[in-house]
Every structure is written in C-alpha cells, then in structure tokens.
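Biologist: I would like to learn how to read a model like this one. Please take me through it step by step.

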Amino acid sequence: MIRIAAVGDVHVDKDVVGRYRPALEELPDRADALLIAGDLTRHGTVDEAKCFATEFGGLGVPVVVVLGNHDHQSDQQDDVTRVLTDSGITVLEGQATVLELHGHRLGIAGTKGFGGGFKGACASNFGEREMKDFVGTAERYADALRDALRSVEVDALVALTHYAPVPETLAGEPLEIFAFLGCYQLGQAIDDAPTALALHGHAHHGSERGRTPGGVPVRNVAHPVIKQAYNVYQLLTDVVDTKDTQLANV
Ligand SMILES: [Fe+2]
C-alpha cells in the first residue's frame, strides 16, 4: 500500500508561514509523499515562493507539486519553479516523476491544466482567433498530461492538476463559472492512461469526490474543501480514502 497526502490552494504568503507546519511535521508518520495541486502562493511572486518552500520543504517525504493560476499571476512562474526546485520540491508541468516507495513504483504526472468547460457546456475550437487560442491552450495542457501519464511504467499512477478534469467535484460552485474551473479534455487524458487516482484543486467551493467517465476516482483537495492540512489517500488497495480525523485544522 502507498499512502499519499494531498492538498491544494494553500495560497502561502508571509502571513501563512507557520500555519501548516505543525500538521506537516507529523506527515511522515501518516503518508509516504505529499502532492500539492497548485495555487501554492497568493500572487506568484518569488518572495511568496520562498515562503511556500519554507512551509512545505524539508518534510522528510518527497513533495511533488503543480503550479496554479495564482502562481502565474506575476508572470514569474519560471522563477517560482526555480525557487521550489532549489528547495528540493519537484514541480511538474507536462512531466512525470517516479517515486520508489516500499518496493512499489509510484508515478505522478502533472500539469496546471486550463479551463474550457465540460461536455455539453464547453468552449469550442471555432471562430475568433482568441477563442481558438483559449481552447488550444486547454488542449495543449491536456495533451501534455496524457503524454506524461503514458511516459512511465509504474505500479500506481496518479494525475495531479490544478484545474478540474470533471464537473462532479465542482458541485457547490456557481454553474456559470464551471468553464473557468476545468475542462473535459483533462478527464479524457486521465482516462487514456491506467490512472489510479486524479487529484486537483482550484474549486474552493466545490466537492471532494468525483469520477471520470472512465471510472478513475477524482478528488478535489483544495484546502477550503478538505478543511485540513492534507487528506491521505491509499493506492494499491481496495479503499482509496482514509478517515483520518487526527489532523490539525489550519
Ligand atoms: Fe486557489
């Protein structure tokens, strides 16, 4: 069994440093790795990236992240990525990483993803150049996720995104903004590989649990949704979700 701790949308700045750390110190006793589904910072500045690295670095377990839209706000995403990487945090964008855990190979493929909507209510690749660019961006991220998922041979495969791959985990958000919270192409990419679990964030008012059309469990781990420092999910076992009530609220 592999245990994955996951959270998203922690939005760290200098005022948040210290809030997660007490719960994170206990994480190595509860999970084998920590995955973070984007919106690591408030405005994507280098200073905030350093705050995030202080709060979430050096945990004693591997930390794997994707960036979110907030981490792009200052157009410093490359510098943000460099700060995190220099702190020993793995940042995925259209790539996969493999962790050796308890004799098992865990593959994590990640991308920020993009919006565009879901079947029956989505943007179409037609008309103005701006609209074609918008849909093309969503397709590019989804294609990168598909390629990353297919690039590794592992015992358990996880897809990590910021934007949502299914509408189920958006339940609670206004229907009018679903198209800005995720896109169906990410779900298709997840279903085109032997994915065991898909994790995302972004939808602060959404719901935790969903499933892709192909049956892959999807979990929205945005911090305002899970309401604790992280949730723990199990792989290579029949039960994905753990009931861990001992974690500190932050
Ligand atoms: Fe967020």
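Biologist: In which sense do strand S3 and S4 pair, and over how many bridges?

Modeller: First, the basis: this is a predicted model, where local features need pLDDT of at least 70, side-chain atom pairs count only at pLDDT 80 or more, and totals for chains, interfaces and linings use all residues. Residues are numbered from 1 along each chain as its sequence is written, and side-chain values use heavy atoms, leaving out hydrogens and water. Strands of a sheet pair through backbone hydrogen bonds, either parallel or antiparallel. Here S3 (residues 63-66) and S4 pair in the parallel sense over two bridges; pairing requires that DSSP finds at least two bridges. Strands are DSSP runs of E, at least two residues, and helices are runs of H or I, at least four, numbered from the N terminus. Val 65 stands opposite Val 91 in S4.

Biologist: What is the order of the strands in the open sheet?

Modeller: The five strands run S4-S3-S2-S1-S13, with mixed pairing. S4 (90-91) and S13 (231-235) are at the edges, each with a single partner strand, so one side of each has no neighbour in the sheet.

Biologist: Which residues are the protein donors of the iron ion?

Modeller: Donors are N, O and S atoms within 2.8 Å of the metal (3.2 Å for Na, K and Ca); water is not among the atoms, so sites may look incomplete. For the iron ion they are Asp 9 (OD), His 11 (NE2), Asp 39 (OD) and His 204 (NE2), 2.1 to 2.3 Å away. Asp 9 lies in the loop between S1 (2-7) and helix H1 (21-25), and Asp 39 in the loop between S2 (33-37) and helix H3 (46-56), 30 residues apart.

Biologist: Is Asp 39 buried or exposed?

Modeller: Asp 39 is buried, at 1% relative accessible area; buried means under 20%, exposed over 50%, partly exposed in between (1.4 Å probe, protein chains only). Asp 9 is buried too, at 3%.
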